[in-house]
Amino acid sequence: MKIKLIAIDLDGTLLQHDHTVSEENIKAINEAMSNNVEIVICTGRVFNEIPKQVKDIKGINYFITSNGARIFDKDKNTVFQNTIPKNIADEIMLLLKKYDCIIDLYLNGDSYYPKLTDELIDKHQISEEFI
């Protein structure tokens, strides 16, 4: 069976510890694409948190972002999205505010968090890299 598509995660897979892509990985991606294999980036990150080096790899046309909630093409056009309606998101926000948890919102390719999350980041000693 011929491989037609490879979906690649970023953190802990494609990216090195310094958030760059190794020459070896770029070479492997280019080799796969030269064999007509579609390379798709698959990440929990929002589009704007994908490193420029990754977005600039010629031939990568699609990015599955936000844990699958939104798919962009290389020009940042939305190909697919599965979002939570605002009224339900508002209810979820009210519910979550009752708990000691960090809230992270994804909207139009960006990540946001409510101001109250600052205190929780300090309290739970979240790493600078994660922030």
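The legends below accompany several close-up views of a predicted model.

Residues are numbered from 1 along each chain as its sequence is written, and side-chain values use heavy atoms, with hydrogens and water left out. Because this is a predicted model, local features need pLDDT of at least 70 and side-chain atom pairs count only at pLDDT 80 or more, while totals for chains, interfaces and linings use all residues.

**View 1. The whole chain, to get our bearings.** The protein chain holds 5 helices and 7 strands; these are DSSP runs numbered from the N terminus, with helices (H or I) of at least four residues and strands (E) of at least two. Reading from the N terminus, the order of elements is β-α-α-β-α-β-β-β-α-β-β-α. Of its 131 residues, 28% count as buried, where buried means under 20% relative accessible area, exposed means over 50%, and partly exposed lies in between (1.4 Å probe, protein chains only).

**View 2. Strand S2 and its two parallel partners.** Two strands pair here if DSSP finds at least two bridges between them. Strand S1 (residues 5-8) runs parallel to S2, joined by 4 bridges, and Ala7 has Val40 in S2 as its bridge partner. Follow S2 to strand S3 (residues 62-65), and you meet another parallel pairing, over 3 bridges. Val40 turns up here too, opposite Tyr62 in S3.

**View 3. The largest nonpolar core.** A nonpolar core is a set of buried Ala, Val, Leu, Ile, Met, Phe, Trp, Tyr and Cys residues joined through side-chain atoms within 4.5 Å. The largest one here has 19 residues, and those with the most contacts inside it are Leu10, Leu14, Ile29, Ile39, Ile41, Val54 and Phe63. Helix H1 (10-14), helix H2 (23-34) and strand S2 (38-42) each give two or more residues to this core, with H2 providing the largest share, 4 residues. As general background, nonpolar side chains tend to be buried together in soluble globular proteins.

**View 4. Around Phe63.** Contact means heavy atoms within 4.5 Å. Setting aside neighbours within four places in sequence, Phe63 touches Ile41, Phe47, Ile50, Val54, Lys55, Arg70, Ile71, Phe72, Asp73 and Lys74.

**View 5. Arg45 meets Asp11.** A salt bridge is a side-chain nitrogen of Lys or Arg within 4 Å of a carboxyl oxygen of Asp or Glu, and the whole structure has 3 of them. In this one, the side chains of Arg45 and Asp11 come together at 2.6 Å, N to O. Arg45 sits in the loop between S2 and helix H3 (52-55) and Asp11 in helix H1, so the pair ties together parts that are 34 residues apart in sequence. Arg45 is buried, at 16% relative accessible area, whereas Asp11 is partly exposed at 39%.

View 6. The side chains of Lys52 and Asp56 form a salt bridge of 2.5 Å, N to O. Lys52 is exposed, with a relative accessible area of 61%, and Asp56 is partly exposed at 41%. In the salt bridge between Lys86 and Asp90, the closest N and O atoms are 2.8 Å apart. Lys86 and Asp90 are 4 residues apart in helix H4 (residues 86-96), so about one helical turn separates them. Lys86 is exposed at 60% relative accessibility, and Asp90 is partly exposed at 35%.
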